[in-house]
Amino acid sequence: MSRHPVIPIAVDSRAASARRSEPRGGAQRPDSPERRRFLGLMAASMALASAGCSGPPQEKIVPYVEMPERMVPGVPLFYATSFVDHGYAQGVLVESDTGRPTKVEGNPQHPASLGATDVYAQASILQLWDPERSQTVYGGGQLATWDAFRAALRPRRVAWAANGGAGLRILTGTVTSPTFSDQMAAFLARYPHAQWHRHDPLHDDRALEAARLAFGRPLDTQLHPARAAVIVSLDADLFVGHAAAVRQAQDVFARRRATNPGGSRLYALAATPNLTAAIADQSLALPPQEIERLAWRLASRLGVDGVPQDAFPPPRHPDAARWEQALAAALNAQRGRALIVGGGSLSPATRALVHAMNAHLGNHGATVAYIDAVETDPVNHADSLAALADDMRHGKVDDLFILGGNPVYDAPADAGFAAALRQVPFSVHLGLYQDETGRAAGWHLPQAHNYEQWSDARAFDGTAGIVQPLIAPLYGGRSAHEVLALLAADGAQGGHALVQDFWRRQAGAAAFDDFWQDALMQGVVAGSAARAVDPGRPRVPPPPALPDPPSGALTLILAADPSVGDGSYANNGWLQELPRPFSKLTWDNAAILGRATAQTLGIDTGDVVRVSAADAGAGAAAVEAPVWIDDSQADGVVTLPLGYGRTAAGAVGNGVGFDAYPLKTRAGVHGHAAVRLEKIGRRHAFAVTQHRLDDEGRDVARTVSLTQYRRDPRGDYAPEPAQDETLYPQYRYDSYKWGMAIDLNACIGCNACTIACQAENNIPVVGREEVARGREMHWIRVDRYRTRLGSHDDVPGDEGEAKQTRTVFQPVPCMQCENAPCEEVCPVGATVHDSEGLNVQVYNRCVGTRFCSNNCPYKVRRFNFLQYTDDKVTTLWAQRNPDVTVRRRGVMEKCTYCLQRITRARLDAEREGRRIRDGEVVTACEAVCPTTAIVFGDMNDPKSRVNRAKASPLDYHLLAELNTRPRTSYAARVVNDDPELA
Amino acid sequence: MSPRSRHTQDLSTPSELLGGSWSHAAFSDKIAARAMGYPVSKPGLAAFLFTFVGMLIFLGAVAWLVFKGVGIWGINVPVVWGFAITNYVWWIGIGMAGTFISAALLVTRQRWRGAVSRAAESMTVFAVAIAGIFPILHLGRPWFFYWLAPYPNVMNVWPQWRSPLVWDFFAIGTYVLVSLMFWYVGLIPDFATLRDRAGTMPGRRARQVVYGLLALGWRGEARHWARYETASLMLAGLGTPLVVSVHTMVAMDFAIGNTPGYHSTIFPPFFVAGAFFSGFAMMLTLVIPLRRFLGLQDFITGRHLANAAKILLANSWLLAYGYCAEIFTSFYSGDQFERYMTLNRMIGPYAPVYWSLLFCNVVVPQLLWRRGIRHDVRWLFAISLIVNVGMWMERFIIVVSSVHRDFLPSSWGMFYPTAWDWIFLLSSVALFAWLFLLFVHFLPVIAMADMRKLIQERAEEPA
Amino acid sequence: MSPRCYGLLAEFESAEALLDAVRRARADGFDVEAYAPFAIEGMSEAIGLPRNGIPPVTLFGGILGGALGYFMQWYSAVVAYPLNVGGRPLNSWPAFVPSALELAILGAALGAVLGMLWMNGLPRLRHPLFAVPGFELATRDRFFLCLRADGARFDRARAQSVLDALQPLRVCEVPA
Amino acid sequence: MPQAFSPTSILTIKLLILAALLAIVAAILLLEWRMAPAAEEHAAVMQPIMFSHKHHVGDVGLDCRYCHTSVEKSGFAGMPSTQICLTCHSQLFKDAPMLAPLHASMATGKPIQWNRVYDLPDFVYFNHSIHIAKGVACIECHGHVDQMPLMTRQASLNMQWCLRCHTHAQAHVRPLGDVFRMTDMRKLSEQDVVELNRLYHLQDRRRLTDCSTCHR
C-alpha cells in the first residue's frame, strides 16, 4: 500500500460522531500558529513518499514547536463554519486532522443543513487542496506581488477621492454577508459616485421579478413542505440548485418515507428531468410554455380572482386536460395543506400567479411564508451586468474590481462583457483560479478559499453564520472583505478584525466575547433568522405572451449542471466524475432531447448537433453539442447544461464538454428562447457509468402503489429463502451486528452519498477514459431505473404502460452479505468476515485475482486496474483521510461500512468500558444524506434505528434468491399515485 | 490387402503403423542424427527467427504489463477477466492431449502411441508452461502470486483453501511437474542413445556431456528396464486421472462461481471434452508439418492421423452435446438470469463469436465422416486449425459473455480487447512455436526406445 | 582372478540371442547383467526380476501426499488462523478434497520416478562398461551380456567357455 | 570409447549443484534484508538531538506521559513539543551544545525532525490509547527504555509478533497501575488473570484476530 500522510489516528471521544456531538474548536485562537503547522507535517509526509521494493524509507516524526491548547495529535477536531455557495450559507463542520482540513460534514444546528450537505459542500474540500488554484498576484500578465498591487492602487485612490469614485465600479456575485454589505455601504458612502454591480449566472432573477409583480417588493419565499399534503411543482426542483435545497429535501421527506407511506402526494410538471419530478408520485413532461398555460388554466379553474377565463387554449398534450382536473381537485381538497411551487423556466408573470394561487388556497402562513429578501440590495443581475457592460463600452468605467466570479466566461453573450473589459483601463479580478476573467483582467489576485478566510453569510432563511478559517491561506490568498478594505485604505485590517468589528457593533462590546464564542461554536448567530412578513394580497399580473417556438425549432433551456454548477467547479475531479443523476454521464455535458423529438429530427444519442438561435440569421451564436436522449425530457425542448467548455479552468476542467453560455441572452432570461438543431455528422463517445435504465423485469428497485400497499400492508414484497435452508452450522454474531437500511422512498438521487464516500474513503479519480472503459471507483453508486409501477406482480409488459414508468434511484453500497460469495473464491483470504459480520477487504493481502468481483452479484467491488491514486501531487496527500488506507495499483477495494468510523466509536466505547450507542457510528453516506434515506446501526440492538427501519414490511433484500443474506436492505418505494391519472 | 480385411483386422498392428523396412540401427540413426547439430534448412531458420522475435515481443509485453498494470488490457468491471483467462484455459486445454495420448494409450496398450507420444508430450509441456504464465500475469500484483502457496510466513496467514483458484494452483502445479517427469523419464533412454552417438562422432564433445548429464548414466540394463517400464506404467496410470482432474479444476474456477454461464454442473466433463478436442487438434497442427519436413511418414503414418481425426470427430459430438445441454438446462431451470444469459449469447453483442464457435467446433469437424478427408493431410491440417480457433472462441464466450451481463442491469458492461490483449495472445502462440522448434532441433522427435520395440515386434510378426 | 576385473562382456546380434544367453548363463549360476536398446519382452522374468518395488513406493507416495495435503488444510484453516469465510464452516472438508487429491497424485508420481532412479542406482554418470569399446551400441542396436566378476561362482575360464558356447559376436573383459 | 565423464568432472558437477542451492538461499535472505524497515532491530537510531531515555526515565525518573502526552487519548503517543523540552531545558543545561537544535527550533519555529524507531506499515492501524487502557504495559513492546541511552527497536513488528499477544491477550496484560512501570512483567496467577479479564473485559481471540482489528 502507499504511505499516506502523517500519523495513525484515534479519535477524541467527544468527536465520536461527526454529526451529533462534536468538539467545538471555535474557542481556539484562530490565526494561532497551529493552523500553519501542518506544513511541517507535510514535510513529514513527503519523507514518507514512495515505498519502493527496498523497504520503507526512514520516517520522520515532526512534533509541534508549541502544542496548541485542546489539541491532541492524531485526534481530529471539528470546526463549525459556513460553506458559502452563490452567496448563501450552508452550515458545515469541517474535520481537521492535525491542522489539515480533510472532510466536510453538515452542521445539525444550521437551518440550511440540519446535518446534511449537498455535493458541492463535500467537494469543496478537494477544491481547497486543488494544486491549480491561483497562487500569486498577476499584473498585466506578469508575476506580481500584493505590494505591487497596493502600490498601483494608491494613485487610483487619490483619483477617486477627487471625483468621488466616478468611473469606479465593483462587481460581485450574490451577497448576503452582513460584514461585506456593511463594508460596501461604507465604501459607497465614501465614494458616492462609485457603483456596485452584481452578476451571478445562476441568480434567479425571475423570482425577484415575480415578487415585484405580485407584492411590489422583493420578498423571499419560504416553503414548509413538511406541512403540505399535496405539493405541486411547476417545473421547480425542490432538492437541488438553490440555497434551501438540502433543507427542503428533508422537509418534503419528513412525511414521505417507508415508515409512513403516502404521507403526501407530489405532482410534478417538468420540462426537463429534475429530481423532484423523478421522485414525484405523478409527473408529466411538458414544454415550459405548456406548463405555464396549464398553470393559468388551473388558476382560473381554482377561481383565483383576477385570472382571465381561458387565457390560453387547452394544452395540446393528451394528458394535460386530465392533469388540470386532477390538480384542481387535489388542491381544492387540501386547501391550506397544499403547496404550489413555481420555478426554473416559468416566466415572472406565471411565478407571480403561483403566489396568487397559494394565497387563494389559503396556503400563506401554512405551507408558504415570506421574508424580506436575504440578498443584500437585491437587483436583477442580468440587468445590472448589462448596465455595467454598456458603461464599460462607452468608456464610463475607469476602474473595475471583480470580486469573485468569472463574468468573461459566464456573462450573457449579448452583454459583450469580454470585449468591453478590454476598454477598462484599470481592471482587477479576485478569484480562486486565474480563470478566463483572471487572464482578461489587468490584475489578478488570488482569493482565499472558503476554508481559509474569515467571513460571514446568511442562509436562505436569513440566519447568519460566521465563516472561520480551518487553515492559513495556502497561497497567500485574501478574502473579498480584505480586498474591499484595501480599496478603501492602504494597510487595512485583516478579515478576522473586519468580521469581528462588524459583529462587535451588532452584539455590543460588553457581551461580545460570549456572543463570538457561541457563534463560532454553533456555526450560527442565534436568533438571526428573518421574521416572516405579511406580503399582503398578491396581485395577478396579466398573462404573459407564450409564443411557441417557430416550426422546426425547439425551446431552449439553459440549466446549471448538476455536477459543475455554473462552471465554477469545473476543475474539481470529484464532481466531474460524479455521474449526472439522470444520464449517468461523467466528464461531459450533452444537449438533452426527448425521444419523440429526437426521432422526428432523426438524431440519435451521440450525434453532434449545431445549436443556434432560431430567430438570428447566419453567423449568430451557435454551439456544437453531442445529443443525449432522455425519456423524461419534454418533447420540443432541448436542455443545455452550463458550466463546461472551460478554457482556463485548469488541467481537470479545460476542454471538458461544450460551453452553452454563448446561447445565453438577456432576453432569454425573461422569455423562452427558441433554437434550431442541425446534425453536423460528427459522433461523440460519452463516458457513462450505467448503460441500462431498464431493469429487464428483474424488479431490482421495487415499487408498489399506495392502493396496493394499503390492500395488504403486511404483504410480503420480498420472498426470501429461509434462514435454516442449509446443511452448514450458522455463524453467530453476538457482539455487534452491523447493518444498513436504505429507503427507496426517500432517495432523491442527489449523489451526495457517492461523493461523501469518495471524500471519506480516499477514493481516487480515474478520469474520462477509464470511466468510459467501465472502471469508475465509487464505492456507493446510485443506480437509476425506469420501472413500471408494481412491476413485481407479473403485469404483462406492454409499452402502452410507458407513461406509468417511474424513475427510481437506488444507492448500492456493499451489501455485506453474511454468505459472501466474494470471500469463498478469494485464494489468499484477502476478503473475509470479521466477528461482527463485516465483509472486510484486506488491501495489503489482496493479490488481485478479481474473482471476488466476478462472483459479486451486486458488482460493488472496484479494482485498481492502474495506479489511480495520485501519489505525485503532494497537496492531495494532505486531503486524504489518515484513517483509511490509500490503495495502490492491483488491489480490489469496496465499501467497508466506514470501518474507520466504527473503529473510532469502538475505541471510545472500549476505553469507557461501555457498548457503542445507537447513532454513535454514522457512515459517511448516512451522515450526508439530506433525506436520511440511509440508516446504519447494530442489528443486535432491538431499539436501534436500523432495526426499526428493517421492521417495515416494505423491507427487502437485493437478489435475495441467491441466499447471500445481505446486511444491507432496501425499503420498496410506495407510490402515492393519483387514480385520476392512472 | 483386400477392402474387407482392412476393416476386420486390428487397427494397430505394427505393420499398419510402420512404413518401409527399418532396422533398429537405421531407425536410431535417422532420428538421432537430427540431434547432432547439422546445419538447419533455410525455411527452418526463417521459422526459428520469426518465432524468436515473437518470443521477444512476449517478454517485452510482460515487462510492460508488470510496469503498468493489468489496466493495459480491455478488462473492467463487470468483465474483470478477459483474454488472459481465455488464453489460459485455451492453452491448458491444448496441454491436455499430450499426457492423455501417452498415458491413456499406454495404459490401454495402444501400439500406435509410440510414434506420436514424444511430440504430444512436448506439446503438453510447452502448452502447460505457457498456460501457467497467464494466471500469474493476470494478477493485479503478480509479484505476490506465491501467496497462493502454503508456506510458513511472518503473517501467520495461509491460502484460502475453499477457493477454486487454490485448487487450480495445486492442479496446475501437479500437472506441470508430473508431465515434466513423464516427458523426462521417456527421454532418458533416448538421451543415452544421443550421448553414445555423440561420443562416437568427432567434435560432438559438448553434446556428449550435455546429453550424458541428462541421461543420468542410463545403460539399458535389464533390471533397469524392468523398473523403468513399471514406473512409466505407474506415471501413465496416474497421468490419466490427473489429466481429467486438472481440467475439472479449471472448470471449477467457473462452476463454483455464482454467475449465470459459470455456475453449471456440466462444466467439468464439458471442459475435459473440450480440452481433448483442442489438444488433438493442436497435435495434428504440429505433427502434420513435422512428418512432412522431417520425412517421418514411415513412423507417423496415415493411420495415426486417421485415428486422431476419429477422436476429433467423436469429441466434437461430445461438445455438441455440451452446448445443447447448456441451452436446455438454462431454459429448463426456469431461472430468469440463466435464461437471459443463454439468449444473450445467441443474440447479444457477442453473438457472432458464439455462432462462429459452433460452426468451427461442431459443423466443420463433421467433414471427418468422409474417409477421403480423414486421410488427406491438407484437409486434416485445415480442420485442425479451424478447431483451434473455434476452441479459443468458446473459451472467450464462456469467460466474457457470461459476466458482461450478470444480475443487476445497472452494472452491465462490454469488454473490448486492446492492442495489448492481442499482442499477448499472438506472441504466446509464437513463444509456443519457438519452444517446439527448439525441441525439434535438440531432442529426438520420436520416442526411439518405444519405436525399437515396435520394430522388434514387427520382426517377430508371422509374415 | 584379478579383483580389477568388473566382468566378462559378450555382444549379441539380436534380442532373442540375448534372452537365450541370459537364461543359459543364469542356469549356470552366474550373476548376469543384460544390456539392450529397449525393454525386451520376457527379459525381466529371465533376469530374475519378475516384479519390482516401484508399485508399493508409488502407493506410499500417494498416501503420504494426500494425507499431508489434507492435514495442512485442516490445520491452517481450523487451528492456525480460523477465519469466517463467507459463512462457510472452518473445516469445509468438501472444499479441501481437490487440493488433497492433487497432492496425492503428485506424491505418487514423485514416488514412482524417484523410486525408479534410486533402485536403479541412477544417476551414475561413470561406469566400467562405458569404457568398453563398442558398448555405445547398447543404446542403438546391439545386445550385451555381462557376467559379473564379483559373482559368487564366477570363474574366468568357465565364464569364457560358457560365453563362447553362446556364439556371441565377441567377448571381452571389462576392467573395473 | 572413453568414459564421458572423468571423476574430476563428476566432482565439479556435484559442487556446481551445491553452489546453485546455496545461491538460492542467499538470494532469499538478501531480499528479506532489503525489505526490512530502516531502523534495524536492536540498533540505536541516530537523532538530531542525542536524547537519552536512560537519563530521563532511568535516572531522572520522568513518567512516560510527561513527554508522550497523548498516549492515553490518541492512537499516536505524541512527541514532545519543543516547548515541553524547554520547560526544563530553559534552565537545565541550557548552554549545552547538544541542545543547540532545541533552542534553534524555538527561535525559528521550525520543528525538530526525529527519526522514527517504531515504524509500522501504513496499512496497519495501531492505537496506543486502547492498549494502555487495556493494561498492555509500555515495556511489553518498547522494552527497558530506562536502560537505553539511544532508543532501539525491541520487536520485529511483523504480524506474527502482533498476533503473539492478540491470540493470548490475557497473558500480556498487567494492572493499570503498572502499565507505565519499567519493571519486568511479574508472573500473573490464574486468579489475577481472571481478575484482569473482568476489569478489562478483553475481547475474545476471534475478535482480536479479526483482520478489521488492525487493517482498514
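Are B:Phe83 and B:Trp392 buried or exposed? Both residues are buried. Keep in mind throughout that this is a predicted model.

## Aromatic pairs

Counted over all chains, there are 82 aromatic pairs. One of them joins B:Phe83 and B:Trp392 in an edge-to-face arrangement, with 5.0 Å from centre to centre and 85° between the planes. This pair links distant parts of the chain, its members being 309 residues apart. B:Phe83 belongs to helix H5 (residues 83-107) of chain B, while B:Trp392 sits in helix H15 (residues 377-403) of chain B.

Another place worth a look is a cluster linked by ring pairs. Chain B contributes B:Trp81, B:Phe254, B:Tyr262, B:Phe267, B:Phe270, B:Phe271 and B:Tyr323 to this cluster, and A:Phe851 joins them from chain A.

## Where chain A meets chain B

Turn now to the interface between these two chains. Here 53 residues of chain A are in contact with 54 residues of chain B. Together the two chains bury about 4400 Å², and 54% of that area is on carbon and sulfur atoms.

Between chain A and chain B there are 32 residue pairs in polar contact, with both partners at pLDDT 80 or more. The chain A side draws at least two residues from each of several elements: strand S31 (781-788), helix H24 (821-825), helix H25 (851-855) and strand S35 (862-863). By residue type, the side of chain A that touches chain B has 22 nonpolar, 13 polar and 18 charged residues.

How many salt bridges are there between chain A and chain B? The count is one. You can find a salt bridge where the side chain of A:Lys859 meets that of B:Asp406, at 2.8 Å from N to O.

## Where chain D meets chain B

Chain B also has a contact with chain D, made by eight residues from chain D and eleven residues from chain B. The area buried between chain D and chain B is about 830 Å², with 64% of it on carbon and sulfur atoms.

For this pair of chains the salt bridge count is zero, and two residue pairs are in polar contact, both partners at pLDDT 80 or more. On the chain D side, helix H8 (residues 159-167) supplies the largest share of the touching residues, namely three. The side of chain D that touches chain B divides into six nonpolar and two polar residues, with no charged ones.

Methods: Residues numbered from 1 in each chain as written. Chains lettered and ligands numbered in written order. Predicted model: local features only at pLDDT ≥ 70, side-chain atom pairs only at ≥ 80, totals over all residues. Heavy atoms only, no water. Contact = heavy atoms within 4.5 Å. Buried area = accessible area lost by both parts, 1.4 Å probe. Salt bridge = Lys/Arg side-chain N within 4 Å of Asp/Glu carboxyl O. Polar contact = N/O pair within 3.5 Å; in protein donor to acceptor, adjacent residues only side chain to side chain. Helix = DSSP H or I, 4+ residues; strand = E, 2+ residues; numbered from the N terminus. Nonpolar A, V, L, I, M, F, W, Y, C, P; charged D, E, K, R; others polar. Phe/Tyr/Trp six-rings, centres within 6.5 Å; stacked < 30°, edge-to-face > 60°. Buried < 20%, exposed > 50% of the residue type's maximum accessible area, 1.4 Å probe, protein only.
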